Amino acid sequence: MLRPMSVVREAIATDMGDEAGGAMAEGAAAGQARDRVRAGRKILPIVEAVVLVAALLAPLVLQDYLTVFATRVIILALFALSFDLVWGYAGIMSFGQALFFGSAGYGVALLARDLNVTNIFLVLPAGTLIGLAFALLLGGFLLLGRHPSSVIFVSLGTLTGSYAADRLARGWYYLGGQNGIPSIAPMSLGSYDFTEGPAFYYLVLGILVAVYLLCRFLVRSQFGLALAGLRENEQRIAFFGYKVQHLKAIIFTIGGAVAGLAGSLYAFHEGFVWPNMVGVVVSTQVVLYVLFGGSGTLIGAVIGAVIVEGVSFWLSDNYRDIWPIILGLLLLLVILFRPLGLISFLLGERERVGNFGARPKENVKETRDAP
Amino acid sequence: MANAFVAAFEILSFGAIIVLIVLGLGIIASMMGIFNFAQGEFVLLGAYITYLAYAKGMPIWAGMVAAPFVVGALGFALEALIIRRFYAAPIVAMLGTYALGLIIRESVRGLIGGFYLTVPEPIGGSIDIGAMHISAWRFTIIVITLLVMAGCYLLLSRTSFGLRMRATLENPSLARASGISTPLMYGATFAFGSALAGLAGALIVPVFSLYADLGLRFLIQGFVAVMVGGVGSFIGPVAGAGVIGTLSAALPWIMAPVVADVLVFVLAIVFIKFRPQGLIAGKGV
């Protein structure tokens, strides 16, 4: 099914090639000239290294309660990574990503409550599998089939799935209803219990780094390149013989598995699960992280989660009420002026996998009048 | 017998409320091709304006009449300033309008806090038919919904404004070549859709009270209704809203409310999957 990498590169490049080439020949727009200069330098690895070093040193300088907070942020960053995989690389708007996060959380909470299973080597794979299974079911239903699904249908379908799960969790007595499942036993490794603190932090950081590297390998493989290609021009990739719906279903499922892993870690770290975790609130939260940080770069998702959570933590004492309004305004500004997120201040569009620079102006104009 | 009649009336009135809320959403989605995630917040604003009029001692009717005009004007301004930039990509439009909705919702939350504020029904009491009592206000909502639907239909199919609107929908470049100002038409369409949401909010606030998540409550239901009915026509979303509203009001009478709620959504998604064009396919009114 997969074509050699060079063909895919060409497929994407021919789409953008004339445009990018034309623009470069003219060198008219200052932004494009800047991108061209940056194309030579690789900023992304530097950003990744800086973030990693900062994350490694964090517990040494942070107070105890902040380390606990940082652990939560890292778990949310892992969750953001799962959304970035499906949205940033394949262009699937998974508006209900919390469904996989929360259902895995509920799953491991039930394992711990009803079966007394807290062994880390059992619960984390179980959570990952739950996320994977739910994503396979929902993704298979929404993405595969005779009629190709529209982007809007997939986003509304996932959103509806997440909303329905939220309603179900709230109304189901076995799952604790409104209150969720409180006081989950800590995750254990032999006789050692992972409670909040530096040990849990480094465990989560290690998992994040491992998953990050796997994702990085995946999106830079020819599979990932084909995904980026369909994000940029789905018809062309289909024309080259790829089964685009299958590619989408696969990455959607992988995203669900990562979200499930994050959800099971979150359940054990917080010690409880509650209906919001599967619902629309958390689903849109993860969209915010990735849009803020910058989609399609992986590290952008991590940075977005850290910034959004960090600033909201910082503001929560004094400006709790107006913070959501500021968040909305910032989000609007990012969408309007920085569609590739805050990270696009640092790196050029070309460093986003499969992206060959801005689309030419006249194309945008043409479609603008014909929605 | 009497109980069944009252139940049927309850179901019908809930269906009418959903139709009222979805009407504007459907017009914007069909005419402009964008799903307006701020539509729920326009409903909220309509409700808030009505509440303000009541709280300031004015007659409730005044607030209800003002709501569609104020929200419509706001919609027109927002379209010109922000929404216009989103037409190129439907997903960006979803996210952008979501951000707008977030700003409006949280601003209203800041103004009213986490309370449920109540507004009395302008027409109180009940209509008695023999031994059966039905709420007069809910009955009024059904009547107004029918009138608004008829009005929309006439506006879109019989007036020159409707003709221009449909021309813009069918073929924007040809419409522009024929001397129709398409940007103005998009602005007017968006303002019209917003005004309908404002009216819906004003009419339902006595039934549901005013709280910050009022619009959010109907948003997903509204989208699903539009998709089930079919984007691209006036009558599609109305039919979809009727079906979804009626189902979600009727099913709790025969099964657990939570199961009913989830079942409606599952059925709707399965339906859209196998009939993507919706109940009523088509472009134009």
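Is A:Leu159 buried or exposed? With a relative accessibility of 3%, A:Leu159 counts as buried, where buried means under 20% relative accessible area, exposed means over 50%, and partly exposed is whatever falls in between (1.4 Å probe, protein chains only). Before going further, a word on what you're looking at: this is a predicted model, in which local features need pLDDT of at least 70 and side-chain atom pairs count only at pLDDT 80 or more, while totals for chains, interfaces and linings use all residues. Residues are numbered from 1 along each chain as its sequence is written, chains are lettered from A and ligands numbered from 1 in the order in which they are written, and side-chain values use heavy atoms, with hydrogens and water left out.

Let's stay with A:Leu159 for a moment. You'll find A:Leu159 in helix α7 of chain A, residues 151-171; helices (H or I, at least four residues) and strands (E, at least two) are DSSP runs, numbered from the N terminus. Setting aside neighbours within four places in sequence, A:Leu159 is in contact with A:Phe95, A:Gly96 and A:Val280 in chain A, and also with B:Phe37 and B:Ile220 in chain B. Contact here means heavy atoms within 4.5 Å. A:Thr195, on the other hand, is 36 residues from A:Leu159 in sequence and 33 Å away in space, going C-alpha to C-alpha.

Now step back to chain A as a whole. Its secondary structure comes to 15 helices and 2 strands, and 55% of its 371 residues count as buried. Look at contacts with a separation of 6 or more, and 81% of them in chain A are accounted for by residues 24 or more positions apart. The accessible surface of chain A is about 16,200 Å², with 65% of that belonging to carbon and sulfur atoms; these areas come from the Shrake-Rupley method with a 1.4 Å probe, and for residues only the protein chains shown count as cover.

A few spots in chain A are worth a visit. Helix α11, residues 244-270, holds A:Ile251, which is buried with a relative accessible area of 0%. Leaving out neighbours within four places in sequence, the contacts of A:Ile251 are A:Leu85, A:Val86, A:Ala90, A:Ile92, A:Leu218, A:Phe223 and A:Leu227. A:Leu56 is 195 residues from A:Ile251 in sequence, and their C-alpha atoms are 29 Å apart.

Next comes a loop. A:Ile343 sits between α14 (323-337) and α15 (361-368) of chain A, and A:Ile343 is buried too, at a relative accessible area of 4%. Not counting residues up to four places away in sequence, A:Ile343 touches several residues, among them A:Val47, A:Gly293, A:Thr297 and A:Ile299.

Which loop holds A:Leu298? The one between α12 (280-293) and α13 (299-315) of chain A. A:Leu298 is buried at 2% relative accessibility, and its phi is near 65°, a positive value in a residue other than glycine. Most residues other than glycine have a negative phi.

Over in chain B, B:Ser209 also has a phi near 65°, again positive in a residue other than glycine. B:Ser209 is placed in the loop between α8 (182-208) and α9 (214-229) of chain B, and at 14% relative accessibility B:Ser209 counts as buried.

What about chain B overall? Chain B has 11 helices and 2 strands, and from the N terminus on, its elements run α-α-α-α-β-β-α-α-α-α-α-α-α. The radius of gyration of chain B is 19 Å, close to the 19 Å that the globule rule gives for 285 residues, so chain B is as compact as a globular protein of that length. That radius is taken over C-alpha atoms, and the globule rule is 2.2 Å times the number of residues to the power 0.38. Along the principal axes, the C-alpha atoms of chain B fill a box of roughly 60 × 45 × 35 Å. Buried residues make up 57% of chain B.

Finally, the cysteines. The structure holds 0 disulfides over all chains, a disulfide being a pair of cysteine sulfur atoms within 2.5 Å. A:Cys215 is buried, with a relative accessible area of 4%, and B:Cys152 counts as buried at 3%.
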